[in-house]
Amino acid sequence: MAGYVAISKQQMNDTLIHDMGFTVMDADNEHSSEFVYTREVVTKSGRRYPYRIKVYSSIQKSTGWSDECGADAIRVVLIDTTTNRPAVGKQKRVHRTKNALKNLRARCRDLYKVVMSAESCPSCSAMMVVRENRKTGDKFLSCSRYRPGSPHHCEQTKRLENPHD
C-alpha cells in the first residue's frame, strides 16, 4: 500500500470547492470534528436530482489537517435528500495516499454516474438499486428508499432478466 500523505484544508478546498462546486457544511457544527463537504446532484442542463454527495474529509477542524496515518480515510456518500439517508450501499473509501485528491474526484464522478444512469422507481421516482436476495443469492432491483418504518418507505421491486449475474 502506498504511503500516507497529509492533506490540508486548503488542498481539500481547492479540490472540492474551487474545482468541483462543493460547499462546506456548517463548520461550527459541534457533532463533527472533521470538515464535511456537500454538493447537490445537478446536470449541466440544470436538472436537479433529489440527491447530494457528501464528503467526510478527515480534515480536523482543530488543526486544518487530515488525521494521522492509519486513522480514518475520506468517505464519499450519496445522500437521498428526501430521507436524509444514504441512497446506495457502502462506498469504497478514499485512502490518503499520493493520489488521494485525484481518487476523490473520480469517486465523486462515479456517484454522479450512478444517479444519471439509474432507473427511476415507478412509485416514488427515487433510484432503483441492485440488491441481493439473502436466501437465494438472486439479484433484483429495489427502490433506494426501501426502509421499513421510515415515513418515505417504498417497497417497489423489479425482477432482473438475469438474476444470477
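Q: What does R105 count as, judged by its relative accessibility?
A: The general idea is a scale of relative accessible area: under 20% is buried, over 50% is exposed, and partly exposed lies in between, with a 1.4 Å probe and protein chains only. R105 counts as partly exposed because its relative accessibility is 25%. This is a predicted model, in which local features need pLDDT of at least 70 and side-chain atom pairs count only at pLDDT 80 or more, while totals for chains, interfaces and linings use all residues. Residues are numbered from 1 along each chain as its sequence is written, and side-chain values use heavy atoms, with hydrogens and water left out.

Q: Where is R105 found, and which residues is R105 in contact with beyond its neighbours within four places in sequence?
A: Helices (H or I, at least four residues) and strands (E, at least two) are DSSP runs, numbered from the N terminus. R105 is found in helix 2. Contact means heavy atoms within 4.5 Å. With neighbours within four places in sequence left aside, the contacts of R105 are T15, D19 and M20.

Q: With which side chain does the side chain of R105 make a polar contact?
A: A polar contact is a pair of N or O atoms within 3.5 Å; within protein, one must be able to donate a hydrogen and the other to accept it, and residues adjacent in sequence count only if both atoms are side-chain atoms. For R105 the partner is the side chain of D19, at 3.1 Å.

Q: How many helices and strands are in the protein, and what pattern does the protein follow along the sequence?
A: The protein has two helices and eight strands. Their order along the sequence is α-β-β-β-β-β-α-β-β-β. The C-alpha trace spans about 50 × 35 × 30 Å along its principal axes.

Q: Which residues of helix 1 are buried, and what do the buried residues of helix 1 pack against?
A: An α-helix has 3.6 residues a turn, so residues three or four places apart point the same way. In helix 1 (residues 9-19) the buried residues are M12, N13, T15 and L16. They pack against strand 1 (23-24), strand 2 (34-42), strand 3 (48-60) and helix 2 (100-117). After helix 1 comes G21, with a positive phi near 80°.

Q: What is the phi of S58 near, and where does S58 lie?
A: S58 has a phi near 65°, a positive value in a residue other than glycine. S58 lies in strand 3 and counts as buried because its relative accessibility is 1%. Its side chain makes a polar contact of 3.2 Å with the side chain of R96. R96 lies in the loop between strand 5 (85-86) and helix 2, and R96 also counts as buried, at 6% relative accessibility.

Q: Is S125 buried or exposed?
A: S125 is exposed because its relative accessible area is 53%. The phi of S125 is near 70°, again positive in a residue other than glycine. S125 lies in the loop between helix 2 and strand 6 (128-132).

Q: Which residues is V41 in contact with, leaving aside its neighbours within four places in sequence?
A: V41 lies in strand 2 and is buried, with a relative accessible area of 0%. With neighbours within four places in sequence left aside, V41 is in contact with R47, R48, Y49, Y51, R52, I53, L78, Y112, V115 and M116.

Q: How many disulfides does a search of the whole structure find?
A: A disulfide is a covalent bond between the sulfur atoms of two cysteines. The criterion is a pair of cysteine sulfur atoms within 2.5 Å. The search of the whole structure finds zero. C154 is in no disulfide, and its nearest cysteine sulfur, that of C121, is 3.7 Å away. C154 is buried, with a relative accessible area of 8%. C108 is buried too, with a relative accessible area of 1%.

Q: What do the totals for the protein come to, starting with the share of buried residues?
A: Of the 165 residues, 38% are buried. Among contacts with a separation of 6 or more, 48% are between residues 24 or more positions apart. There are 28 positive and 18 negative side chains, and the centres of the two sets lie 3 Å apart. In that count Lys and Arg are positive and Asp and Glu negative, with His and the chain ends not counted. The place of a charge is taken as NZ of Lys, CZ of Arg, CG of Asp or CD of Glu.
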